[in-house]
Amino acid sequence: MTKVLAGITTSVDGYIAGPDDGPGKGLGEGGERLHYWVFGGPWTYDSEPKGEATGEDAARLDEAISRVGAVVGGRWTYEAARHWGDENPWGLPFFIVTHRPEEQPEGDDFTFVSGVKEAVERAVDAAGDKDVNVMGGADVIRQALAAGLVDELTIIVAPVILGGGKPLFEGFSESLELEHLGVRQSPFATFIDYRVK
């Protein structure tokens, strides 16, 4: 049965991006440190990441990717990532939640939809016997959690304090009961998995 998984990287102080995030600086000022685990170590906006995840980080990434059959993301993430160069980074059905679905880009790399519920429903249909990954941004993950659409939540904690930026649970007023499923650690991140009850 298809599960809906949500996962996002945060700093120790709860930010998913540093200050002034946007196109060309998708993780904000100093936010590159959040994704050292993805690229095998330090990188900066000035020199695009060239490395790859290694060790426990690579194992975790490979495991997550092997489970996924479709992806849901937010418009801000899509814009901040500069549309991933207009190429779907996952190579899977990718549904972008936006208030402007009529701005559907050409090609079939991304499908714009007007709400998180519709995006998740379409992703579940597209995923076949695999799972759906709800990725950034924080707003899309908060909406999916509030709507009761998420089966499992992974919080990836990078060993950095950003001191400001975009908080993961800003304005989230829901009460959620989580069941701890496990934790894994690397030099660049701690992966905490929960089942959403």
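## A buried charge without a partner

Asp57 is buried (under 20% relative accessible area, where over 50% is exposed and anything in between is partly exposed, using a 1.4 Å probe and protein chains only), yet Asp57 has no salt bridge, and the nearest side chain of opposite charge, Arg184, is 8.6 Å away. In this account Lys and Arg count as positive and Asp and Glu as negative, while His and the chain ends are not counted. A salt bridge here needs a side-chain nitrogen of Lys or Arg within 4 Å of a carboxyl oxygen of Asp or Glu.

Asp57 lies in helix α2, where helices (H or I, at least four residues) and strands (E, at least two) are DSSP runs numbered from the N terminus. Leaving aside neighbours within four places in sequence, Asp57 is in contact (heavy atoms within 4.5 Å) with Trp37, Ser186, Phe188, Ala189 and Phe191.

## How the model is read

This is a predicted model, in which local features need pLDDT of at least 70 and side-chain atom pairs count only at pLDDT 80 or more, while totals for chains, interfaces and linings use all residues. Residues are numbered from 1 along each chain as its sequence is written, and side-chain values use heavy atoms, with hydrogens and water left out.

## Salt bridges

Side chains of opposite charge can pair when their charged atoms come close. By the rule given above, the count of salt bridges comes to 16. One of them joins the side chains of Arg67 and Asp131, with N to O at 3.1 Å, and this pair links distant parts of the chain, since Arg67 is in helix α2 (residues 55-67) and Asp131 is in strand β6, 64 residues apart. Arg67 is partly exposed at 29% relative accessibility, whereas Asp131 is buried, with a relative accessible area of 7%. Arg67 and Asp131 also belong to a network of salt bridges that links them with Lys3 and Glu152.

Another salt bridge is formed by Glu103 and Arg75, whose closest N and O atoms are 2.6 Å apart; Glu103 is in the loop between β4 and β5 (111-113) and Arg75 is in helix α3 (residues 75-80), 28 residues apart. Here Glu103 is partly exposed at 37%, while Arg75 is buried at 13%. By contrast, Glu118 and Arg122, which meet in a salt bridge of 3.5 Å from N to O, both lie in helix α4, 4 residues apart, or about one turn of the helix.

## Strands side by side

Strands β3 and β4 pair in the parallel sense over 4 bridges, where pairing requires that DSSP finds at least two bridges between two strands. Within this pairing, Gly74 has Val97 of β4 as its bridge partner. Strands β4 and β5 also run parallel and are joined by 3 bridges, and in β5 the bridge partner of Val97 is Val113.

From β4, Phe94 and Ile96 point one way and Phe95 and Val97 the other way, and all of these are buried.

## The nonpolar core

A nonpolar core is a set of buried Ala, Val, Leu, Ile, Met, Phe, Trp, Tyr and Cys residues joined through side-chain atoms within 4.5 Å. The largest one has 29 residues, of which Val72 and Val134 touch the most other members. Among the elements that each supply at least two residues of this core are β1 (4-11), β3 (68-74), β4 (94-97), α4 (116-127) and β6 (131-134).

Not counting residues up to four places away in sequence, Val134 touches Val4, Leu5, Ala6, Gly7, Val72, Val120, Val140, Ile141 and Ala144.
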